[in-house]
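This report concerns the structure shown below.

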Amino acid sequence: MRRLFRRLSLLALLALLPAAAQAGVTLVIDGVGDDLKGAVTSAVELSQYATREVSDAQVRRLYARAPDQVRAALRPYGYYEASVDGDLQPVGKDWRVTLHVKPGEPVKITEVHVSLGDTAAAIGPIRRAQRAIERLKGQTLNHGVYDAARDALSGQLTAHGFLGAKLVTHRVEVTRASHSVVVRLAWETGPRYRFGQVQFEGSQFRKGFLDRYVPFKPGDYFSQDQLLDLQQALNGADYFSVVNVLPDVDDAKDGTVTVKVELVPAKRTVYTGGPFIGTDTGFGLRGGVTRRWVNNRGHTWKNELVVAQRLKTLSTLYSIPLPGRNQRSLNFGANYRDADTDTSQSRTLELVGNEARLWHGWTRTLGAHALIGTFTVGKRGNEPDNAPGIEHGRSKLLFAEASLARKKGDNPTFVRKGWSVSFAARSTGGTLLSDTRFTQLTADAKWIRAFKGRNRLILRGSAGITSTGDFSALPPQLRFFAGGDRSVRGYGFQSIGPKNSYGRVIGGRNLLVASTEVEHYFTKNWGMAAFVDAGNAFSGTDYRPKIGAGLGVRWLSPVGMIRVDLGKPVHNPDRHGIELHIVIGPDL
């Protein structure tokens, strides 16, 4: 037992000896700003020994090498004449190293010569990349900035079909005496390649069907952007679980690139369902069945049932893709809707038929709607239907609709830079098969931009105008109301609008709503928001915007963005209290 105790004591003593002998290095660098201090510190080997054991001999050897390391670290930033001296002082068992740096006068780019050839230089993106290099003239030489600009030009040459382009001249001539730099770059671009045939492998559709998603024709100039468009179009079609677009650049013959597309079909039938909650709809359940392809011609069939506290819908939509490269399709659907808002109730059946296609980058839809149903407007809560001032109606409308929509975002889950715009026009053919005539125009827009790291600015707006012979014959979904999660927060869903003589909100002919929101994220997934919304539904020119403001919480959850907002009416003596708003869904 005594022998065991002695061995344990000896091991404990040995374990303490390295700690007692350990010495660290404190490195101090002055004479340069924060923008250069990080690069200099990383380049000096002594910085690696702040918490590592180092001997006296090592410290002195590393200290002797430090000036050369500092000068080498400053050259990429244009400082070729830096001078360095310093102090090496023991502090107890540690060391303190101070390096005094004089970076000197930086060298500046005085001449830039870029040679490409007329064919390549005439292409817009390539020309802009060339000008980005030429704009370096007059600036301090920064090798990182210069390398990025040079590589960007090489990348644009490849992206626009100059697949054999070679950088044959690459010189950065530094004259220290005059602190000047001459940049000389020259490419041999070679021929511009063109697209050949697109070969689809693994498709479940008949030959030729997928040509509708190809944004180029054989013989068009090669473009990486169009390959990306092809990838995104096939992914967006929802037919495939795997899409690999592979241009055969290595085996391009006669300047023609064959494109191979590897596909793996997705699950053919998809069942969806589950609970959801929204302030406008209340708690509910959603279930759906989607047949991603009905046959080898790519027909699709979607069905959905929603049962919520204030909304019940049953919808079906059948789509038939049409030949052509603009993703044309014929769509036929039916939708039964039972909606109950703060101001209206409606039960309607709507039949829809339209043609959709890509049109100059927009999604264009042209079609017709047949709508029948009953409704009440102006009802408050659970009061009886025969209460004074409640308006009852029955709708029968046949109208045409045309719409344009477009959106662009850098990330579908969390947009840092993006926008969406949509326009719609609806009109009856007079009173043909309709209880009244009407014409309606609407516009919606949203703009998102990140700034200063974890912040986002979100701007949103909606506008609408209606001309009708008999406004009382229009159902609630064709009238304009304001208020709710996606309108003026601080007010209930569709609780704002013109009132009848009994003081009941009945909706308006026109709409104008705008919103400004700022978000700040504390972590990758959690943040808060502050917002101000303003707007109203109105008739004629009597526009008196209602204002709501408040704060919210943002959570980027596994199922998407969840927004919880608390809004309050501003400067409204008739409305008090705080309104809760909950929205789950994508940014755009």
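Ala-177 counts as exposed because its relative accessibility is 75%, where exposed means over 50% relative accessible area, buried under 20% and partly exposed in between (1.4 Å probe, protein chains only). The model is a predicted one, in which local features need pLDDT of at least 70, side-chain atom pairs count only at pLDDT 80 or more, and totals for chains, interfaces and linings use all residues. Residues are numbered from 1 along each chain as its sequence is written, and side-chain values use heavy atoms, with hydrogens and water left out.

## Loop residues

Ala-177 belongs to the loop that joins E5 and E6; strands (E, at least two residues) and helices (H or I, at least four) are DSSP runs numbered from the N terminus. Its C-alpha atom is 9.5 Å from that of Val-107, although 70 residues separate the two along the chain.

His-179 is also found in the loop between strand E5 (166–175) and strand E6 (180–188). Its phi is positive, about 55°, although His-179 is not a glycine. With a relative accessibility of 17%, His-179 counts as buried.

A positive phi, near 55°, is also found at His-360, a residue other than glycine. His-360 sits in the loop between strand E15 (344–359) and E16. Is His-360 buried or exposed? His-360 is exposed, as its relative accessible area is 66%.

Arg-544 occupies the loop between E22 and strand E23 (546–557), and at 59% relative accessibility it counts as exposed. Arg-544 and Thr-175 are 369 residues apart in sequence, and their C-alpha atoms lie 69 Å apart in space.

Ser-434 is located in the loop between strand E18 (417–428) and strand E19 (438–451). Its relative accessibility is 9%, so Ser-434 counts as buried. Leaving out residues up to four places away in sequence, Ser-434 touches Lys-396, Leu-397, Leu-398 and Thr-428, where contact means heavy atoms within 4.5 Å.

## Strand residues

Ala-370 is part of strand E16 (residues 362–377). A relative accessible area of 29% makes this residue partly exposed. Residues up to four places away in sequence aside, Ala-370 touches Leu-349, Glu-350, Leu-351, Leu-397 and Leu-398.

Thr-313 lies in strand E13 (residues 311–321) and, at 11% relative accessibility, counts as buried. Apart from its neighbours within four places in sequence, Thr-313 is in contact with Glu-304, Leu-305, Val-306, Asn-335, Tyr-336 and Arg-337.

The accessibility values of several of these residues are set out below.

| Residue | Relative accessibility | Class |
|---|---|---|
| Ser-434 | 9% | buried |
| Thr-313 | 11% | buried |
| His-179 | 17% | buried |
| Ala-370 | 29% | partly exposed |
| Arg-544 | 59% | exposed |
| His-360 | 66% | exposed |
| Ala-177 | 75% | exposed |

## The second largest pocket

The second largest pocket has a volume of about 420 Å³. Of the 17 residues that line this pocket, Gly-497, Pro-498, Lys-499, Asn-536 and Lys-546 are the closest to its centre. A pocket here is an open set of points on a 1 Å grid over the protein atoms alone, where a 1.4 Å probe fits and protein lies on both sides within 12 Å along at least five of seven lines; lining residues have an atom within 4 Å of a point. Grid points are joined across faces, edges and corners, and the volume is the space filled by probe spheres set on them.

Which strand gives the most to the lining of the second largest pocket? Strand E22 (residues 526–538) does, with 3 residues. By class, the lining comprises 6 nonpolar, 5 polar and 6 charged residues; Ala, Val, Leu, Ile, Met, Phe, Trp, Tyr, Cys and Pro count as nonpolar, Asp, Glu, Lys and Arg as charged, and the others, Gly among them, as polar.

## The chain as a whole

The secondary structure of the chain consists of 7 helices and 25 strands. Along its principal axes, the C-alpha trace spans about 100 × 75 × 65 Å. Buried residues make up 40% of the 588 residues. Among contacts in the chain with a separation of 6 or more, 56% are between residues 24 or more positions apart.
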